[in-house]
Amino acid sequence: MWHDSLREQIIALELGRSERQVFPLGLPGVDDALQGGLDLGAMHEVTGPAAILFTQAIIRRRKSEIVWLSTENLNEEYYPDGLLQSDSCPERFIVVRLQNSRDLLKAAYEVLSSNAAGFVLLEVQKPLTQTQMRKLQIAVKNTNTLGLVINTEYTGSVSPACQGLLGSALTRWYVKVLHWTYETTQIELHLTKNRHGSPCHWIVEIDHATHHLHLVAISGERAIDQAKSRSVAETLCSDHP
């Protein structure tokens, strides 16, 4: 439809691009809320205690080179054997550990602007400032790279404004584990900032054997969705424009 094409052109212009490119997550309800998927050439942010688990699920779908940037004192959770067990190929990873946050951001600007990797992960200990996020967005906007900032320290117990989560990320996610068994893990997935639409909430199940994701339950019917989205927006995304 012509209005769909026009919408895509408008979104591309908002991102400073001639054409919009997206990375679908493979979950119809989620991709619909994102108007097709996560925008490439843009920065996104994942927060919460299960941030890395959700990030890992994205990595498995995006078959490209991955640059993982962190400081030396961050978690040592990812190593080749563990990546193989999670159906991720270690040879696709370049892991860079920097001495401090200043070096981390400097490296991130260089890698993002180079368009050398399909996926750039920036693991931080505290929220980035608006200025820092804008610089990252400027660096990545003319590339086909998916930029992702991971902040596992934000627990959702206070508003994003209090945590400084007011940056220029196109989307922001808050993720926590809802239920775990030996066969599956259910995560509660809050899209707390969505430049292309309203905040949303889903429950996603990850199959440990196949690593496939599927929606277990969306937040009820439309009337219930709207009420829950407003509640999520009030508690988790007071910065939503």
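For helices, an axis is a line fitted to the C-alpha atoms over the stretch in contact, and the angle between two axes runs from 0 to 180 degrees between their N-to-C directions. Keep that picture in mind as we walk through this structure, which is a predicted model.

Let's start with a pair of helices. Two packed helices are described by the angle between their axes and the distance between the axes. Here, helix α5 covers residues 101-114 and helix α6 covers residues 130-140. Their axes come within 7 Å and cross at roughly 25°. Angles under 35 degrees count as roughly parallel, and α5 and α6 are therefore roughly parallel to each other. Their crossing is right-handed.

Which residues in α5 meet residues in α6? From α5 come Leu105, Ala108, Tyr109, Leu112 and Ser113, and on the α6 side they meet Gln132, Lys135, Leu136, Ala139 and Val140.

Now let's move to another helix, α3, made of residues 51-61. Is this helix mostly covered or mostly uncovered? It is mostly covered, with 9 of its 11 residues buried. Among these buried residues are Ala51, Ile52, Thr55, Ile58 and Arg60, and also Phe54, which leads us to the next part of the tour.

Phe54 takes us to the aromatic rings. A pair of aromatic rings is described by the distance of the centres and the angle of the planes. The model has 3 aromatic pairs by the rule used here. In one of them, the rings of Phe54 and Trp173 have centres 5.4 Å apart and planes at 45°, so this pair is tilted. The two partners come from distant parts of the chain: Phe54 sits in helix α3 and Trp173 in strand β8 (residues 171-180), 119 residues apart. How exposed or buried are they? Buried means under 20% relative accessible area. Phe54 has a value of 3%, so it is buried, and Trp173, at 1%, is therefore buried too.

Because Trp173 lies in strand β8 and Trp202 in strand β10 (residues 200-207), the pair ties together parts that are 29 residues apart in sequence. Both Trp173 and Trp202 are buried. Put together, Phe54, Trp173 and Trp202 form one aromatic cluster.

Technical notes
Residues are numbered from 1 along each chain as its sequence is written. This is a predicted model: local features need pLDDT of at least 70, side-chain atom pairs count only at pLDDT 80 or more; totals for chains, interfaces and linings use all residues. Side-chain values use heavy atoms; hydrogens and water are left out. Buried means under 20% relative accessible area, exposed over 50%, partly exposed in between (1.4 Å probe, protein chains only). Helices (H or I, at least four residues) and strands (E, at least two) are DSSP runs, numbered from the N terminus. Angles under 35 degrees count as roughly parallel, over 145 as roughly antiparallel, 65 to 115 as roughly perpendicular and the rest as oblique. A crossing is left-handed if the near helix is turned anticlockwise from the far one by less than a right angle, and right-handed if clockwise. Contact means heavy atoms within 4.5 Å. Rings of Phe, Tyr and Trp (its six-membered ring) pair if their centres lie within 6.5 Å; planes under 30 degrees apart count as stacked, over 60 as edge-to-face and the rest as tilted.
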